[in-house]
Amino acid sequence: MPPKTKITREMVIAAAFEVAREAGAEKINARTVSKKLNCSTQPVMYHFATIEELKRAAYQKADWFHTEYLMHIPETQEDILLGIGLNYIRFGMEEPHLFRFLFQSGFAVEHSLLEMIDSEGLVPVLSAMQKEMKMSAEQTKEIFVTLALFVHGYASIIVNNSLEYDEKLIAAHLERVYTGAVLALQEEMK
């Protein structure tokens, strides 16, 4: 008889992440996670004292996954800002359960857009934007706020089944918003 597989904390988190991805964060519980792992609920509860703690760990994994997704810009995409914005909206379309978990569940550590701008998870996105725009960190954050509000609104509407994904139309709108944000910032700096 083969030895039993040792269920690690990382395995439990990965299983909870998959439950959230497939069915939504509200479906994360000891039973659904243990079923994913093909084990009893005991290993799940051994690694996590509460389901709330497990959901927070799964949230962190989802947040990392989201950042990686945003930064995977196709080589054919010339404008990195447009690529990041489109990826954010596309993420909502392709991963609606994770989008809701990340942005509509109340699990975010940051409680405002201004707090989010200074979070570690946003460093790769802001760095890429700053490099592309050739602006200061503060100017990049100003542009980011405008773009973030726009792409989040678009993605939320799509995720909640109120709008179909039309990449060409979205790209045109996103370019317009980006151009307007840059022009407004330049005007303020005069």
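This is a predicted model: local features need pLDDT of at least 70, side-chain atom pairs count only at pLDDT 80 or more; totals for chains, interfaces and linings use all residues.

Colleague: Where does N38 lie, and what is its phi?

Modeller: N38 lies in the loop between helix 2 and helix 3, and its phi is near 60°, a positive value in a residue other than glycine.

Colleague: What makes K134 exposed rather than buried?

Modeller: The relative accessible area of K134 is 72%, and since the cut-off for exposed is over 50%, K134 counts as exposed. K134 lies in the loop between helix 8 and helix 9 (137–159), with a phi near 55°, which is again a positive value in a residue other than glycine.

Colleague: How do you know that the end-to-end distance of helix 4 agrees with its number of residues?

Modeller: Helix 4 comprises 21 residues (residues 51–71), which at 1.5 Å a residue should span 30 Å, and because its end C-alpha atoms are 30 Å apart, the two values agree.

Colleague: Which residues of helix 4 are buried, and what do they pack against?

Modeller: The buried residues are L54, K55, A57, A58, Y59, A62, F65, H66, T67, Y69 and L70, and they pack against helix 1 (9–23), helix 2 (30–37), helix 3 (42–47), helix 5 (80–94), helix 6 (96–103) and helix 8 (123–133).

Colleague: Why are helix 1 and helix 6 called roughly perpendicular?

Modeller: They pack at an angle of about 110°, with their axes 6 Å apart, and because angles from 65 to 115 degrees count as roughly perpendicular, the term applies to helix 1 and helix 6. The contact joins F17, A20, R21, E22 and A23 of helix 1 to H97, L98 and F101 of helix 6, and by class it has 5 nonpolar, 1 polar and 2 charged residues. Helix 1 passes helix 6 in a right-handed crossing.

Colleague: What makes helix 5 roughly perpendicular to helix 6?

Modeller: Helix 5 and helix 6 pack at an angle of about 115°, with their axes 5 Å apart; as the class runs from 65 to 115 degrees, helix 5 is therefore described as roughly perpendicular to helix 6. In this contact Y88, F91, G92, M93 and E94 of helix 5 meet P96, L98, F99, L102 and F103 of helix 6, and the classes are 8 nonpolar, 1 polar and 1 charged.

Technical notes. Residues are numbered from 1 along each chain as its sequence is written. Side-chain values use heavy atoms; hydrogens and water are left out. Helices (H or I, at least four residues) and strands (E, at least two) are DSSP runs, numbered from the N terminus. The expected span of a helix is 1.5 Å times one less than its number of residues. Buried means under 20% relative accessible area, exposed over 50%, partly exposed in between (1.4 Å probe, protein chains only). Contact means heavy atoms within 4.5 Å. Axes are lines fitted to C-alpha atoms, for helices over the stretch in contact, and angles run from 0 to 180 degrees between N-to-C directions. Angles under 35 degrees count as roughly parallel, over 145 as roughly antiparallel, 65 to 115 as roughly perpendicular and the rest as oblique. A crossing is left-handed if the near helix is turned anticlockwise from the far one by less than a right angle, and right-handed if clockwise. Ala, Val, Leu, Ile, Met, Phe, Trp, Tyr, Cys and Pro count as nonpolar, Asp, Glu, Lys and Arg as charged, and the others, Gly among them, as polar.
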